[in-house]
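Hi,

Here is the structure I promised to pass on.

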Amino acid sequence: MPEDPSSPKDGTTPPPASADGAIAASLAQIHSVLADLAKAAGREHDRAAHRERVIDRLHEENGRLRHNELQAAFEPVRTSLYRLYDLVRRESERESADPAHTPKLLAAIADELAEIIARTGVERMPVHEGEPFDPARHRPAGTCDVGDAELDGTVATVQRAGFVRGEKVVRRAEVIVARTAADPVGGD
């Protein structure tokens with residue numbers, strides 16, 4: 001008997017038509033599931049894009065708020081600087097300069113500057129002559145000889161003010177430290 005050209009050569013019988021239908025149904029079901037997954041992935045992508053837009057908008061708003069807060073914090077400092085500018089400008093326009101007035105003017109300017117610095121939360125640190133030298137609070141600018149041994153290692157003079165923010169020293173005071181004069185070796 002001649003072989004049927006449509007039959008497989010391995011001796012098996014071709015699958016029945018119902019098997020072809022089952023495969024087609026399975027493929028259709030897989031296609032449907034893949035389509036649903038693609039839709040879900042698209043929705044998640046849209047959600048992620050929306051989240052990114054919200055994050056970008058919040059970041060932008062946060063930046064504007066920080067900028068506005070910083071500007072508001074600087075306003076008292078600006079106001080003081082305007083007053084200082086006006087004072088210096090007014091003094092520079094005087095017809096005659098009184099040499100006795102200059103130290104008072106400079107002291108007024110220094111006090112105004114200290115007030116401006118204080119508005120930023122930093123205060124002048126009190127340093128007094130005769131107090132013990134403290135390297136955490138004082139920066140030595142030099143020494144001077146003193147005859148009294150009790151003054152050895154104390155602040156003789158303050159050359160530059162120190163500043164603190166709360167308990168933290170933000171700039172040490174520059175001071176001259178008192179030292180007892182040494183006796184010459186092998187002296188007379």
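Let me start with the charged pairs. The structure holds 13 salt bridges, counting a side-chain nitrogen of Lys or Arg within 4 Å of a carboxyl oxygen of Asp or Glu. Before you dig in: this is a predicted model, where local features need pLDDT of at least 70 and side-chain atom pairs count only at pLDDT 80 or more, while totals for chains, interfaces and linings use all residues. Residues are numbered from 1 along each chain as its sequence is written, and side-chain values use heavy atoms, with hydrogens and water left out.

One of the pairs is Arg83 with Glu115, whose closest N and O atoms are 3.0 Å apart. It links distant parts of the chain, since Arg83 sits in helix α1 (residues 17–92) and Glu115 in helix α2 (residues 101–118), 32 residues apart. Helices and strands here are DSSP runs numbered from the N terminus (H or I, at least four residues, for helices; E, at least two, for strands). Arg83 is partly exposed at 36% relative accessible area, and Glu115 is partly exposed at 33%. For the cut-offs, buried means under 20% relative accessible area, exposed over 50%, and partly exposed in between (1.4 Å probe, protein chains only).

Asp111 and Arg124 form another salt bridge, with 3.8 Å between the closest N and O atoms. Asp111 lies in helix α2 and Arg124 in strand β1 (residues 123–125), so this pair ties together parts that are 13 residues apart in sequence. Both ends are partly exposed: Asp111 has a relative accessible area of 43%, and Arg124 has 46%. There is also a network, in which salt bridges with shared partners join Arg83, Glu112, Glu115 and Arg119.

Then there is Glu93, whose side chain meets that of Arg89 in a salt bridge (3.8 Å, N to O). Glu93 is exposed, with a relative accessible area of 55%, whereas Arg89 is partly exposed at 42%.

Back to α2 for a moment. Its 18 residues should span 26 Å at 1.5 Å a residue, and the end C-alpha atoms are 26 Å apart, which agrees; the expected span is 1.5 Å times one less than the number of residues. The buried residues of α2 are Leu105, Ile109, Glu112, Ala114 and Ile116.

The largest nonpolar core has seven residues: Met125, Val127, Val155, Val164, Ala173, Val175 and Val177. By a nonpolar core I mean buried Ala, Val, Leu, Ile, Met, Phe, Trp, Tyr and Cys residues joined through side-chain atoms within 4.5 Å. Strand β6 (residues 173–180) gives the largest share of this core, three residues. A second, separate core has six residues, among them Val77, Leu87, Leu105 and Ile116.

Finally, the sheet. Which strands make it up, and in what order? Three strands form an open sheet in the order β2-β6-β3, with mixed pairing; two strands pair if DSSP finds at least two bridges between them. β2 (138–146) and β3 (155–160) stand at the edges with a single partner strand each, so one side of each is left without a neighbour in the sheet. β2 and β6 pair in the parallel sense over eight bridges, and the bridge partner of Thr143 in β6 is Val177.

Cheers
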